[in-house]
Amino acid sequence: MNDAETLVREFCDAWSKRDPDLLTDYFTEDGVYHNMPMQPLEGHDAIRGFLTGFLAAVTSAEFRMLNVTASDTVVMTERVDAFHLADGKQGAFPVMGIFEVRDGKIAAWRDYFDMAQVTAFLTGA
């Protein structure tokens with residue numbers, strides 16, 4: 001396992017702590033977090049703001065790694081991301097993620113998933 005893969009695995013495991021500051025610190029100052037169905041978030045303030053809002057309703061989070069492949073600075077993950085919400089809802093979603101690592105931090109993170117599935121989970125529709 002190379003340094004980039006180790007970093008990404010640690011980051012994905014850190015989601016279980018549900019700490020927006022901890023998660024944001026994994027990113028470079030100019031890092032980009034892009035859930036592909038949505039607009040990209042650029043920089044620590046935007047990333048932290050999104051994570052704070054999203055995680056406020058989450059009582060548990062787990063990224064279950066199915067497959068991981070890595071080069072020197074790019075890590076691809078096939079995962080199932082599972083969440084429990086404060087209102088009792090539970091959901092698990094298949095996700096493909098691509099991470100670009102620079103100087104020991106995440107410079108870019110792109111996740112690909114079915115937005116309709118996630119929206120239905122969040123809204124109860």
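Me: In this predicted model, contact means heavy atoms within 4.5 Å. Which residues does D81 touch, not counting residues up to four places away in sequence?

Reply: On that definition, D81 touches E62, F63, G91, A92, F93, V95 and D111. The place of D81 itself is in strand 4, residues 74–85.

Me: Why is D81 called buried?

Reply: Buried means under 20% relative accessible area. D81 has a relative accessibility of 4%, and therefore counts as buried.

Me: What makes the pairing of the D81 and R79 side chains a polar contact?

Reply: A polar contact requires a pair of N or O atoms within 3.5 Å. The side chains of D81 and R79 are joined at 2.8 Å, which meets that cut-off.

Me: What is the order of the strands in the open sheet?

Reply: The six strands follow the order 2-1-6-5-4-3, and their pairing is mixed.

Me: Why is one side of strand 2 and of strand 3 left without a neighbour in the sheet?

Reply: Strand 2 (41–42) and strand 3 (58–70) stand at the edges, and each has a single partner strand, so one side of each remains without a neighbour.

Me: How do you know that strand 5 and strand 6 pair?

Reply: Pairing requires at least two bridges between two strands. Seven bridges join strand 5 (residues 90–102) to strand 6 (residues 105–112), and the two run antiparallel. In strand 6, W109 stands opposite F99.

Me: Which strands does helix 4 lie across?

Reply: Helix 4 (residues 115–123) lies across strand 4 and strand 5, at about 125 degrees to strand 5. Helix 3 (residues 44–55) lies across strands 1, 2, 3 and 4, running at about 50 degrees to strand 1.

Conventions:
Residues are numbered from 1 along each chain as its sequence is written. This is a predicted model: local features need pLDDT of at least 70, side-chain atom pairs count only at pLDDT 80 or more; totals for chains, interfaces and linings use all residues. Side-chain values use heavy atoms; hydrogens and water are left out. Helices (H or I, at least four residues) and strands (E, at least two) are DSSP runs, numbered from the N terminus. Buried means under 20% relative accessible area, exposed over 50%, partly exposed in between (1.4 Å probe, protein chains only). A polar contact is a pair of N or O atoms within 3.5 Å; within protein, one must be able to donate a hydrogen and the other to accept it, and residues adjacent in sequence count only if both atoms are side-chain atoms. Axes are lines fitted to C-alpha atoms, for helices over the stretch in contact, and angles run from 0 to 180 degrees between N-to-C directions.
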